[in-house]
Amino acid sequence: MHHIFTVLLVYIIMKSIVKIYGERNTNTNYLSKLIDLNLNAQQLRGIIPRYVLLLQKMLPGDEAIRDIYFSLTYPSNLGWKHTSVLPQDELKRLSLVDEKLLFITISKNPYSWLLSLHRRPYHQYSKHSMSFDEFLSAGWRTVGRDGMGKACVTPIELWNIKNRSYLNMDPAITLHVKSEEISINPKGVIDRMSDDFGFQRKSSNFIDYSKSTKDSGKDSSYYRDYYQFEKWREKLSPEAIRIINQSVDVDLMSALGYEMIG
């Protein structure tokens with residue numbers, strides 16, 4: 001009897017496992033911090049470990065090294081956090097992860113997301129000097145860990161493909177959240193993880209992470225104000241809106257709860 005009680009106790013306190021998927025600039029880092037601060041949850045790795053970063057400095061083709069890492073480790077971590085997600089049956093077939101797993105996908109309004117990607121285009125160095133209008137129509141060359149094959153798409157098509165892949169996931173084990181929701185009401189997201197999916201809290205009090213994970217001069221209150229009042233709209237020209245509206249997936253936007261501008 002004592003043995004049975006012990007097994008049940010271990011099962012109850014066992015950490016839940018979570019895998020976050022979301023494109024660049026969608027609050028993946030912020031949500032990860034919030035989970036660490038508030039919930040007993042094991043997060044599957046979605047970024048490159050430090051030793052791979054050190055290795056890539058010694059070898060040519062830095063993107064290839066990162067792609068190889070996620071290709072070799074996919075069964076244990078289910079890929080790069082910014083990847084296009086495989087269909088649910090493929091995820092299940094390839095995964096070595098325990099069944100107690102929650103997927104979280106993060107989507108962001110395509111207009112504001114494209115502005116963010118233009119401001120910080122990561123490894124697409126040639127795009128730093130482009131105007132926003134030019135950037136929208138320029139080719140974005142994917143890497144292997146994007147999960148899209150070696151392709152050249154526009155940034156708008158990149159948003160369509162990545163976010164479309166999230167909607168194919170099993171709703172019973174997937175929590176879809178908006179990046180804006182994380183910025184405006186971070187406690188609400190943690191509450192949903194706890195109340196709807198049974199994640200155990202570390203404390204009865206919500207703990208926020210106020211520092212920006214990318215910009216030292218900004219904090220959570222800055223982003224809350226910026227996205228709640230959609231201040232990013234001021235940066236959109238009529239031409240930029242026209243270009244985006246030509247290619248963005250309208251049905252996908254509606255499914256995610258976003259409205260067209262125009």
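1. The largest nonpolar core of this predicted model comprises 29 residues, and Phe132, Leu136, Trp232, Leu236 and Ile244 are those with the most contacts inside it. A nonpolar core is here a set of buried Ala, Val, Leu, Ile, Met, Phe, Trp, Tyr and Cys residues joined through side-chain atoms within 4.5 Å. Buried means under 20% relative accessible area, exposed over 50%, and partly exposed in between (1.4 Å probe, protein chains only). At least two residues of this core are supplied by each of helix 6 (110-119), helix 7 (132-137), helix 8 (155-166), helix 11 (220-228), helix 12 (238-247) and helix 13 (250-256). Helix 6 gives the largest share, five residues. Helices (H or I, at least four residues) and strands (E, at least two) are DSSP runs, numbered from the N terminus.

2. Phe132 touches Leu114, Leu115, His118, Leu236, Ala240 and Ile244, not counting residues up to four places away in sequence; contact means heavy atoms within 4.5 Å. A second, separate core of 18 residues includes Leu34, Ala41, Val189 and Ile190.

3. On the basis of the model: it is predicted, so local features need pLDDT of at least 70 and side-chain atom pairs count only at pLDDT 80 or more, while totals for chains, interfaces and linings use all residues. Residues are numbered from 1 along each chain as its sequence is written, and side-chain values use heavy atoms, with hydrogens and water left out.

4. The mean pLDDT of the protein is 90, and 91% of its residues reach 70 or more; pLDDT is the predictor's confidence in each residue, from 0 to 100. Residues 1-13 have pLDDT below 50, and this stretch has two contacts in the model beyond near neighbours in sequence.

5. There are seven aromatic pairs in the structure. Rings of Phe, Tyr and Trp (its six-membered ring) pair if their centres lie within 6.5 Å; planes under 30 degrees apart count as stacked, over 60 as edge-to-face and the rest as tilted. Phe135 and Trp140 form an edge-to-face pair, because their ring centres are 6.4 Å apart and their planes stand at 90 degrees. Phe135 is buried, with a relative accessible area of 0%, and Trp140 counts as buried at 0% relative accessibility.

6. The pair of Tyr226 and Tyr227 is edge-to-face, because the ring centres are 4.9 Å apart and the planes are at 90 degrees. Both Tyr226 and Tyr227 are buried. Tyr222, Tyr223, Tyr226 and Tyr227 form one aromatic cluster.

7. Two charges over rings may be noted. Arg145 lies over the face of Trp80, at 4.6 Å from the ring centre. The charged end of Lys178 sits over the ring of Tyr258, 4.8 Å from its centre. The criterion is NZ of Lys or CZ of Arg within 6 Å of the ring centre and within 35 degrees of the ring normal.

8. Where does His82 lie? His82 is in the loop between helix 4 (62-77) and helix 5 (88-94), and is buried, with a relative accessible area of 9%. Not counting residues up to four places away in sequence, His82 touches Gly22, Glu23, Arg24, Thr28, Asp146 and Lys162.

9. Asn25, in the loop between strand 1 (16-22) and helix 2 (28-38), has a positive phi near 60 degrees and is buried, with a relative accessible area of 10%. Glu230, in the loop between helix 11 and helix 12, has a positive phi of about 50 degrees and counts as partly exposed at 30% relative accessibility.
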